[in-house]
Amino acid sequence: MKATSLRLWLPACLMCWGLLGACASLPNVNELGARLDTAEPASVHGKNGELSAARAKALLSKRYTKNTLDLQQQAALEEAATGVPLIAGNKTTLLFDGPQTMSEMLKAIEGAKNSINLETYIFDQDGMGMKFADALIERRKAGVAVNIIYDSVGTIGVPKEFFQRMRDAGISLLEFNPVNPSKLSGESWKLNSRDHRKVLIVDGRIAFTGGINISGTYSKSSLFRSRNKSSKGENDVGWRDTHIKIEGPAVQAFQYLFVRQWTAQDRADLTDADFFPNPIIAGDKVVRVLGSDPGGQFEIFKAYNLAMQEAKKTIHITSAYFVPDKQTVEALKAAAKRGVDVKLVLPGVSDSGLVFHAGRSFYDELLAAGVKIYQLKLSVLHAKTAVIDGKWSTVGSTNMDTRSFLHNSELNVVVLGEAFGNEMERAFQEDIRDSVQITLEQWRDRPWLDRVQEWAAQWTNYWL
């Protein structure tokens, strides 16, 4: 069986472990929303620490426009719920699909002078994986500290020799939450917990995150973005994905989350370096870096749902694996019913049939409530992004499903402001143009076989 097939079916095979214990649950975000009027003003950190309340308010006011989401209130509520402050002074670069993202990440790696920290769900031994491994080994030989966290399930089909070659070159590697419990170094065995993050941090000054794994599969471009459409065969399906590059003080938050993830696995062999150099102002973007872990504070789930609950005009979501929990479904329906333009770009083709059908089981009630659903044509959708009211945007590794919100370690960046929101909106509208809208009438006329597959798949929502 191919490694990709193992990755897709293993969670379903492990369902029996979940059935043996009580199911965990997500927090009630509606209760948090009631605290909007009493939330303390949002704190904003710069390169020299926390800004004064007046400066923080002035900074957020520049990104506030009447009749849209009040960013000052939203930022305050989000911080009260997540405990994570905003960070000012950053430069953000939106990256589309594998070719552009891989090129930027390899460029950053090749220019590393001090440290490289990589955290990824999948790290394949294919042409692209070897390219990254060679670049990392070359930097290690040049004296750069290199540390890698890779997920045990995400790399289950990758030969151990691939990682041993990097270890032999002096790179420190950590297999997150090994499927084989004999590899553990003291912590409890939590087979259902996975590290789904895709993070690269170089010299403590540049960070990347998003949906793209280190694999040739993800290095393909979506067909409507490719410059070489004519050279693609009928069976050569592209991949639509999104990543973000961050420069500035917020990179320290990435670095902190990486070190915390490493040390939480009771490992002491992290190759040390100056992970936290003095931050510099790189741009004018205000961001929040949210990292969530199984059994943690559900920071990303809270931020997503609070933003949807407070939306005034638009909720535009692109979701690769859409198997939402009840609260998320209700938040989307409620927004549509109060007149918010709620649009979802979801897969038209998928690399996971079980997830695909489970997600479609929610279409009827969403469409009936006024939510507009579009299915992307031609390309496999793998992006995980949202833009709300054109001013609250997020890019990261988190899918809109229970597995991401409840069981995985994930990382998302929230960017506040109209400039980045406009970039996100342009990307979303391009995806809409290359999608087919699903109407309620069409949906209710679908084949019975599809209905049976959706009914069967929805029972596995918790474990997908």
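Leaving out residues up to four places away in sequence, T385 touches T242, Y304, H316, I317, T318, T394, V395 and M424, where a contact means heavy atoms within 4.5 Å. T385 sits in strand β17, residues 384–388, and its relative accessibility of 9% makes it a buried residue (buried is under 20% relative accessible area, exposed over 50%, partly exposed in between, with a 1.4 Å probe and protein chains only).

The model is predicted, so to speak of local features takes pLDDT of at least 70 and side-chain atom pairs count only at pLDDT 80 or more, while totals for chains, interfaces and linings use all residues. Residues are numbered from 1 along each chain as its sequence is written, and side-chain values use heavy atoms, with hydrogens and water left out.

Zooming out, the chain has 17 helices and 20 strands, taken as DSSP runs numbered from the N terminus (helices H or I, at least four residues; strands E, at least two). Of its 464 residues, 59% are buried. Take the contacts between residues at least 6 apart in sequence: 82% of them join residues at least 24 apart.

On to a helix pair. Helices α7 (residues 127–141) and α8 (residues 160–168) pack at about 15°, axes 9 Å apart (axes are lines fitted to C-alpha atoms over the stretch in contact, and angles between N-to-C directions run from 0 to 180 degrees). That makes the two roughly parallel (angles under 35 degrees; over 145 is roughly antiparallel, 65 to 115 roughly perpendicular, the rest oblique). G129, M130, A133, D134 and I137 of α7 meet F162, R165 and M166 of α8.
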